[in-house]
Each structure stands twice: as C-alpha cells, then as structure tokens.
Amino acid sequence: MEYFLTEEQQMIVDTAREITNEKIIPVRAELDENNQFPREILEDIAKADLFSIFVPEEYGGFGGGCFDIALAMEELSRGCVGVATSFAASALGIFPVLIAGSEELKEQYLPSIASGERWAAFGLTEANAGSDASGIQTTAVLDGDEWVLNGTKQWITNGGEAEIYTIVALTDPQKGARGASIFVVEDGDPGFSYGKKEDKMGIRSSATRELILKDCRIPKNRLVGRKGTGFITVMKTLDISRPGIAALGIGLAQAALDEAVVYSKQRVQFGKPIVSFQAVQHMLADMAIQLEAGRALVYAAARHIDNNPKNMSKASSMCKVFATDMAMKVTTDAVQVLGGYGYMKEYPVEKMMRDAKILQIYEGTNQIQRNVVGQELNKEYS
Ligand SMILES: Cc1cc2nc3c(=O)[nH]c(=O)nc-3n(C[C@H](O)[C@H](O)[C@H](O)COP(=O)(O)OP(=O)(O)OC[C@H]3O[C@@H](n4cnc5c(N)ncnc54)[C@H](O)[C@@H]3O)c2cc1C
C-alpha cells in the first residue's frame, strides 16, 4: 500500500534500505552466530546521518519525529532486529534528555548523539523490578556538588558499548514511584562499571549487559528534569519509543513474508510449486493482511504521537501489541511455509522467529501494554 511519504521521509527509507541491503543482510547470520556487536554497521548508520533523525535542528539534528524514526527502524529491522535494536536503544537512551533535560544537558549530549559519535542506553530494569518498575532499588544521594549512585541495572541494551546512560534511581526511597529521578551517567565515570553480558535466544548481535553503580559520583547538573519526576519522564519516554519497537515488528514481518513467498514459488512438491496449494496461499495471504494492518496502525499511532496529544499511551501501547504479536505469528508461519528448511540455519527465517520473541517482551511486555489500553478505555468510558 502507498503511504504517501514526504520527500524527506522517502529519503530516510531509501538510506536505511541501502544500509540494510548492503551492510546488514550479508553479515547478519555471522553476527548472530558470534554474538557480535555491530559496531561497524552502526558507524555506517551514523555516517548516513540516521542517528540525527529525532534530534532537533538546533542541536545538529534533522528535527524529525516518532514517525520518521519508525521508518528507519522498520527498514533496518528488515535486515536484522539485533542491529535495529542497537540503533533504537540509543534513541531510547537519550529521549529523557530530549523530553525533560535542561538546556545545558541538551547542549552537552544531543549534538554527539545526532552525529552518531556517541551512543546512548536506557537503564531502568533491575533484577527485582521489571514490569513493576516502581520496585527499583538503585539510589542517588546528593553529596555537595555531586550525586552518588548505588545499584545494579539488569539487561541494558547497548550496555558496555554506549557512552551515555540515562539511569533511573530513587532520590526519595520513602516516596516510592514519586521519589524517582533520572541521571546521565557516562562511560568512565568513577564507580561505574559493566557486569555480565547476556547470551540470548535472539537479537544476539545487540549487547545486553548489567550496569554496576558503586558509589558512582557524577556532577550535580546531570539530574534530568526536576527531582522526583523520573517516572513521569520514563512513561513519556516509553510512549514515544514504543512505536519504534512496533516498527521493528513491521520490518521483521516484511522480511519473513518476502522469504516465504520467494521460497513457496521455488519449492516443488507433488510436481507443483507449493505456492499453488491453497493452504499455502492462504497462509501467505493472512501474513500479508496482518502485516499491512500492523503497518497502517504503527504509522497512524506514530503520526498521532508526533502531533503531541495529551494522552499518547493508548496509541503507543496498541501499536506495540498488535505489531509485535503479528511479527511473532508471521515469522512462525514463515518457518512453517519453508517446512524443515525453515528450521535450519541455512535459511534466515529461523533467526527471524527467534528475534521476534523479544519484541513481545522488552519496553514493557504485551500483557502490560494490554493493561494500559484497558485502563485507558476504563477512563474514557467512566
Ligand atoms: C534482550 C532484552 C533487552 C532489554 N533492554 C532493556 C533496556 O535497554 N533497558 C531497560 O531498562 N530494560 C531492558 N530490558 C528489560 C525489559 O524491559 C523487561 O524484561 C520487561 O519490562 C519485563 O520485565 P521482566 O522481564 O522482569 O518480567 P516480569 O515483570 O517478571 O514479568 C513476567 C511475566 O509476568 C507478566 N506480568 C507481570 N506483571 C503483570 C501484570 N501486572 N499484569 C499482567 N501480566 C503481568 C509479564 O507480562 C510477563 O509475562 C530488556 C530485556 C531484555 C530481555
């Protein structure tokens, strides 16, 4: 379907598509096999200016929005969700500064993010605080002109590879969720180190690592926004970021559908290409229908959010659930269309199916997103 993109948006798609076809697809199996972080590809993405998409022009960026970045993410994930996740996590990591940071912090960090010279990461999750993020135990205490942070963040994408980390910590532990604040911690700050690097089912080229803060001292001005407003900023950050994750599901499902259609036309059984069997055709048709419905919803939600409505959560959660559940189904069906060959590593669909699973889990599980939609409906109809 035609979505009537602007010239600039088409340019984003074309640029990301070129990188995907030339740099990502040829090496994705090797990156996956070796658990290898795609540093060189991210440098190519930086050279192509894609890290600048969402950064305002006054800080050296393109000044685009949620929809523009979703277009880039969709194309990159067509090649590899691990690479696209590393790209997406940098945006997620710097959104708190963009949303709530002081002018000083914006000037300090946004230009180097726009140029791709430095990457970011977002540190919220802890061993005992996943869906219930209000259970975090990391603390930040002001000592003279410095904040002192203590705690351990778990499963942080780009951990150990990024230079800039936004960390959510309790500044008033008695106040629970209302006592959280966000801080910028930099690679090399005293007391900041990296722990275990995870070995994962999918998105194996992305780095997922522990962040250890042990009497980590940072300057006072690295507090993002006002003290105690951390969770409000976290919620806004995730609302803006989730359509990007949904877009990863769209690119991935597109790649799986492409593989399935091509294969079904080549594979001959009972003397005919398997695409001539209606059972296979219907499976492909359902994959295409679900994919296009997902794409339309993601584009609509991202455009809705770019127009800055007061309540973005419902649109953001809806598109994340639909597109990522769809990606799981479509990649699973792609393996089915390829039969036994689909299960083998010589075809890319088994990796696609493994990569799809994380989309239903990170940035808030799909159960939690359904809770959000349900709560919003409850409010609307009260
Ligand atoms: C590869 C990877 C990368 C990640 N990257 C980052 C990152 O960069 N930064 C970061 O901060 N975090 C990151 N995370 C953490 C991720 O956001 C959490 O894993 C996710 O929010 C879920 O938390 P949990 O895994 O602790 O699951 P839990 O919260 O323990 O949930 C377990 C199950 O219970 C369900 N459940 C829990 N509560 C409810 C409820 N109220 N209603 C219905 N169902 C419920 C969940 O949906 C899930 O199915 C990453 C995780 C992974 C695996």
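**Domains and helices in contact**

Colleague: How many residues of domain 3 are in contact with the 14 residues of domain 2?

Modeller: Contact means heavy atoms within 4.5 Å. On the domain 2 side, 14 residues qualify, and on the domain 3 side the count is 12.

Colleague: Is this model predicted or experimental?

Modeller: Residues are numbered from 1 along each chain as its sequence is written, and side-chain values use heavy atoms, without hydrogens or water. Local features need pLDDT of at least 70, side-chain atom pairs count only at pLDDT 80 or more, and totals for chains, interfaces and linings use all residues, as the model is predicted.

Colleague: How far apart are the centres of domain 2 and domain 3?

Modeller: An automatic or database assignment sets the domain bounds. Domain 1 covers 7-114, domain 2 covers 120-228 and domain 3 covers 231-380. Taken over C-alpha atoms, the centres of domain 2 and domain 3 are separated by 30 Å.

Colleague: Which residues of domain 2 lose the most area to domain 3?

Modeller: About 1,100 Å² is buried between these two domains (accessible area, 1.4 Å probe, lost on being put together, summed over both). Carbon and sulfur atoms give 78% of that area. In domain 2, 42% of what that side buries comes from three residues together, the ones losing the most: Phe122, Met201 and Ile203.

Colleague: Turn to the helices (DSSP runs of H or I, at least four residues). Are α7 and α10 roughly parallel or antiparallel?

Modeller: Helix α7 spans residues 230-266 and helix α10 spans 349-359. Their axes (lines fitted to C-alpha atoms over the stretch in contact) come within 10 Å and cross at roughly 160 degrees, on a scale of 0 to 180 between N-to-C directions. That angle makes the pair roughly antiparallel.

Colleague: Which residues of α10 meet α7?

Modeller: From α7 come Ile245, Leu248, Gly249, Leu252, Ala255, Ala256 and Glu259. Their partners in α10 are Val349, Met352, Asp355, Ala356 and Leu359.

Colleague: At what angle do α4 and α7 cross?

Modeller: Helix α4 runs over residues 66-79. Among its residues meeting α7 are Cys66, Ala70 and Met73, and the α7 side includes Leu248, Leu252 and Ala255. The axes of α4 and α7 come within 7 Å, and they cross at roughly 35 degrees.

Colleague: Are α1 and α4 roughly parallel or antiparallel?

Modeller: Helix α1 (residues 7-24) packs against α4 with the axes 8 Å apart, at an angle of about 20 degrees. Under 35 degrees counts as roughly parallel, over 145 as roughly antiparallel, 65 to 115 as roughly perpendicular and the rest as oblique. The two helices are therefore roughly parallel.
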